Amino acid sequence: MLKNRVDREIKTLYEMTPSGKKVCFMTGASGMLGSEIALSVAGQGYTVFFTWHASEKRAAETLEKIRWISPESQMVRCDMSKNQDIVNAFTAFRKEFDRLDLLVTSASNFFRTPLPDVTEEEWDSLVDTNLKGTFFTMQEAARIMRKQLFVSRIITMTDISADLVWRNFAPYTVSKAGIQHLTRIFAKEFAPVILVNSIAPGTVTLNADKEMESEAEMVKKIALQRLGDPLDIVRTIIFLLESDYITGQIINVEGGRLLQ
Ligand SMILES: NC(=O)c1ccc[n+]([C@@H]2O[C@H](COP(=O)([O-])OP(=O)(O)OC[C@H]3O[C@@H](n4cnc5c(N)ncnc54)[C@H](OP(=O)(O)O)[C@@H]3O)[C@@H](O)[C@H]2O)c1
């Protein structure tokens, strides 16, 4: 009881120091949904240090917008499938910032892989970027967060497909299911100092893949009869940033798609 009170007082004191602006490390902020998440986190008062990989132009546009509200924000190139790149990104982060309040893992690879034809290269590309990359990013973040005198947060981005049996996407869906399990493992391991949760969106942005279902076909399967909007995800992020008693949870934001 006393320990809880003291911890809360230390947390409040730390957060009130003038140099105590909160800092977020985010992967995949050059993504369609990722860029909206990065902006909303900046809007919540965080400095954002984010990674991009191939989309330099989109990353630069995102950084420009973020800097209107959070001028110290930065970006770094990082291939999430390579552990050395992740280590280098955190080395660069540590040189600039002495605290880490929030990790959002949004970087993700996604493409169709019909089961009989999946190659080792495709498997590695999807599973290394999504699952292995998320694991080593969470590990680097936890190394910083566990030594801090205040509660910090990790939010992983997964997908409702972790709960569905999608044809043609085995490596992707397995990687997302793996991240959901990692979310629970990290939540247990690092409680009470790190709160670890996952957001699993339904379809928010439509994929350019012509063989995917049409929007009308998708909407038929959703109880709330519309695709997701980035704002639906952003609201859930903000909810998790304000919650002190939720950890190890997977929050499906899918308009009732899983009710089918
Ligand atoms: N959008 C949706 O409808 C939807 C639905 C369900 C789940 N989700 C999940 O929500 C998250 C955000 O989605 P999104 O719409 O932003 O996805 P997106 O537009 O496909 O963007 C993917 C992001 O991952 C990065 N990335 C891909 N391969 C990488 C690699 N090898 N190394 C480092 N970064 C890499 C991309 O960076 P570059 O572009 O710079 O290479 C980009 O920032 C993802 O985890 C996704 O799985 C999204």
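Not counting residues up to four places away in sequence, Ser40 touches Val234, Ile237 and Ile238, where contact requires C-beta atoms, placed from the backbone, within 7 Å. The model is a predicted one: local features need pLDDT of at least 70 and side-chain atom pairs count only at pLDDT 80 or more, while totals for chains, interfaces and linings use all residues. Residues are numbered from 1 along each chain as its sequence is written.

Ser40 and Arg235 are 195 residues apart in sequence, yet 9.0 Å apart in space, C-alpha to C-alpha. Ser40 is found in helix H2; helices are DSSP runs of H or I, at least four residues, numbered from the N terminus.

I turn to the core. The largest nonpolar core has 45 residues, and Cys24, Met26, Ala38, Val41 and Val48 touch the most other members. Helix H2, residues 32–43, supplies the largest share of this core, 6 residues. A nonpolar core is a set of buried Ala, Val, Leu, Ile, Met, Phe, Trp, Tyr and Cys residues joined through C-beta atoms within 7 Å.

Finally, the ligand. It is surrounded by 27 residues, the closest being Gly31, Leu33, His53, Ser55 and Ser108; a residue counts as near if its C-beta atom, placed from the backbone, lies within 6 Å. H2 gives the most to this shell, with 3 residues.

Note on methods:
Buried ≥ 20, exposed ≤ 12 C-beta atoms within 10 Å, placed from the backbone. Helix = DSSP H or I, 4+ residues; strand = E, 2+ residues; numbered from the N terminus. Contact = placed C-beta atoms within 7 Å.
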